[in-house]
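Keep the 3D view open as you read, and look for each part as it is named.

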Amino acid sequence: MTSLKNTLMESLGIEITLLEKGHVVATMPVDERTRQPSGLLHGGASVALAETAASVGAFELIDQETEAAVGLEINANHIRGVKEGIITANATVLHQGKSTMVWDVKITDEQDNLICVSRCTMAVIKRK
């Protein structure tokens, strides 16, 4: 993977803790970078974590010399609010085709409560 310096991952404190073919686990702190003004985890931060996990996972499943994986569509259902701690995204590939992949991402808190569920469709494109 390329450097994380000066990326959204660095800005939000996202870390990849497990990377296997078809499975990624990533964490993110709930702090001043990721909260909305009311003090709860911002839904957009959850979506950024989900797409990051899916993107990293998709990158591992493509020909990295000739292809790139980019987000095509993402949806998210925010289930429970979080004010602090570390949240964890567990991403698994549901479909791996030649031009698209579909990833399921479940985000939980430190007590394993479900925070957000997301589905992310990745497009596999040729590098120029």
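Predicted model: local features only at pLDDT ≥ 70, side-chain atom pairs only at ≥ 80, totals over all residues.

## An enclosed strand

Eight of the eight residues of strand E2 are buried, so E2 is largely enclosed by the rest of the structure. Buried here means under 20% relative accessible area, while exposed means over 50% and partly exposed lies in between, using a 1.4 Å probe and protein chains only.

Residues are numbered from 1 along each chain as its sequence is written, and side-chain values use heavy atoms, leaving out hydrogens and water.

Helices (H or I, at least four residues) and strands (E, at least two) are DSSP runs, numbered from the N terminus. Two strands pair if DSSP finds at least two bridges between them.

E2 pairs with E1 in the antiparallel sense over five bridges, and Glu-15 stands opposite Thr-27 of E2. The hairpin of E1 and E2 has two residues between the strands, and Gly-22 there takes a positive phi near 85°. E2 is also joined to E4 by eight bridges, again antiparallel, with His-23 opposite Thr-92 in E4.

## The whole sheet

What is the order of the strands in the open sheet? The six strands run E1-E2-E4-E5-E6-E3, with antiparallel pairing. The edge strands, each pairing on one side only, are E1 (15–20) and E3 (67–78). Neighbouring strands are turned by 20° against each other on average, direction ignored. For such angles, axes are lines fitted to C-alpha atoms (for helices, over the stretch in contact), and values run from 0 to 180 degrees between N-to-C directions.

Helix H2 (residues 43–60) lies across E1, E2, E3, E4, E5 and E6, and runs at about 145° to E3. Contact means heavy atoms within 4.5 Å.

E5 (residues 100–108) and E6 (residues 114–126) pair in the antiparallel sense over nine bridges; Lys-106 has Val-117 in E6 as its bridge partner. In the loop between E5 and E6 you will find Asn-113.

Is Asn-113 exposed, partly exposed or buried? Asn-113 is partly exposed, with a relative accessible area of 23%. Not counting residues up to four places away in sequence, Asn-113 touches Arg-80, Ile-107 and Thr-108.
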